[in-house]
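Could you walk me through this protein, stop by stop?

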Amino acid sequence: MINRRIVLAGAAALAFSASGASAEDWKTKYPEITFAVIPAENGSGVTERFTPFVNYLSKELGIKVNLRVANDYAAVIEGQRAGNIQIGYYGPASFARARVTGVKTDAFVIDVNADGSKGYYSVFYVLAKSPYQKLEDLKGKNLGLVDPNSTSGNNMPRFKMNQLGVDPDTYFSKVIFTGSHENAVLALAQGTVDVAANWWNAEDDSNLTRMLAKNMVKSSDGTPLKKEDFRVIVKSDLIINSPYAYLSDLPDDMKAAIKKAFLDAPEKDKEAFKKLSDGKNLPWAPIGNADYDKTIELIKFVDNLRKKAS
């Protein structure tokens, strides 16, 4: 006679077996994956920051995870479009651009600041020794932006300048894309540009403060600069923080394993997690695509501005 306990035990064993087989299925299909990161810093800085976490991810997922530092923001978008990048670390605007242009990618976790907030700002820096106190003082000067797909380094600055009645392409003598947030700060420090856009979380946490901590910021004559040598003249409205996103068509159990690995990282590999933000960020929080709808509106607005200008 077959009793209920035997049936339940058998069903549980079958479910466990199916689950294990499913995991093996996706690992067989994806023995290696690529995790790509936008060039928020210069290449060596991104590699140093993310390598310990990628090693943790490889161990946790049981497959090889390759780190790719993208040459520009568009490279992550196009890599995911082609299916060559399984996980991407985007800026908000580049993720929105990916979604708008049909890339099948889904945001799954978001950066969380030390105070628990999930947003940051775009600021305009000038040198403190300069006479410039506001954007209106910079007509005919050189503006440093980051990348066309950068949120704090291009899209939000253009939105903010539009609010102030400034068309950057006619207002400034030159508008220069520097390629990374670090390069924008260096261009300002060395006098290549007179004002530069960049990201800013808090007084003690910005791209500038992180660069200063690494002794990276020097004037054209080699003099090391300090935080006091820079002045913020414009600060934007709050921007939603950056997402991590995986390809939509990855197996569901694979996506669940990736998300779990990220959410477990602060406990399972505290040092690797802390290195990503110099210990500034709290653990990641789950996020969805709809949370970036306002960013999609922002990039569409900026696209329209540029169309009108041309």
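A residue is called buried when its relative accessible area is under 20%, exposed when it is over 50%, and partly exposed in between (1.4 Å probe, protein chains only). Helices (H or I, at least four residues) and strands (E, at least two) are DSSP runs, numbered from the N terminus. What you have open is a predicted model, where local features need pLDDT of at least 70 and side-chain atom pairs count only at pLDDT 80 or more, while totals for chains, interfaces and linings use all residues. Residues are numbered from 1 along each chain as its sequence is written, and side-chain values use heavy atoms, leaving out hydrogens and water.

**Stop 1: a covered helix**

Select residues 181-189, which form helix H7. How many of its 9 residues are buried? The count is 8, and among them are His181, Glu182, Val185 and Leu188. Now step just past the end of H7 to Gly191, where phi is positive, at about 85°.

**Stop 2: strand E6 and its partners**

Next, select residues 142-145, strand E6. Asn142 and Gly144 point one way, Leu143 and Leu145 point the other way, and all of them are buried. Which strands are joined to E6? Strand E7 (residues 174-177) runs parallel to E6 and is joined to it by 4 bridges; two strands pair if DSSP finds at least two bridges between them. Show Leu145 and you will find Phe177 of E7 opposite. Strand E8 (residues 195-202) also runs parallel to E6, with 2 bridges joining them. Here Gly144 has Ala196 in E8 as its bridge partner.

**Stop 3**

Strands of a sheet pair through backbone hydrogen bonds, either parallel or antiparallel. Colour the strands E2, E1, E3, E12, E4 and E13: in that order they make an open sheet of 6 strands with mixed pairing. The edges are E2 (64-69) and E13 (282-286), each pairing on one side only. On average, neighbouring strands here are turned by 25° against each other, direction ignored; axes are lines fitted to C-alpha atoms, for helices over the stretch in contact, and angles run from 0 to 180 degrees between N-to-C directions.

Zoom in on E4 (residues 105-112) and E12 (residues 243-247), which run antiparallel and are joined by 5 bridges. Ala107 stands opposite Ala245 in E12.

**Stop 4: two positive phi angles**

Most residues other than glycine have a negative phi. Select Asn215, whose phi is positive, near 60°. Where does Asn215 lie? Look in the loop between helix H8 (207-213) and strand E10 (230-235). Asn215 counts as exposed because its relative accessibility is 59%.

Move on to Asp278, which has a positive phi of about 55° and sits in the loop between helix H10 (270-276) and E13. Is Asp278 buried or partly exposed? Its relative accessible area is 42%, so Asp278 is partly exposed.

**Last stop: the whole view**

Zoom out to see 11 helices and 13 strands. The C-alpha atoms fill a box of roughly 90 × 40 × 30 Å, taken along the principal axes. Of the 310 residues, 49% count as buried.
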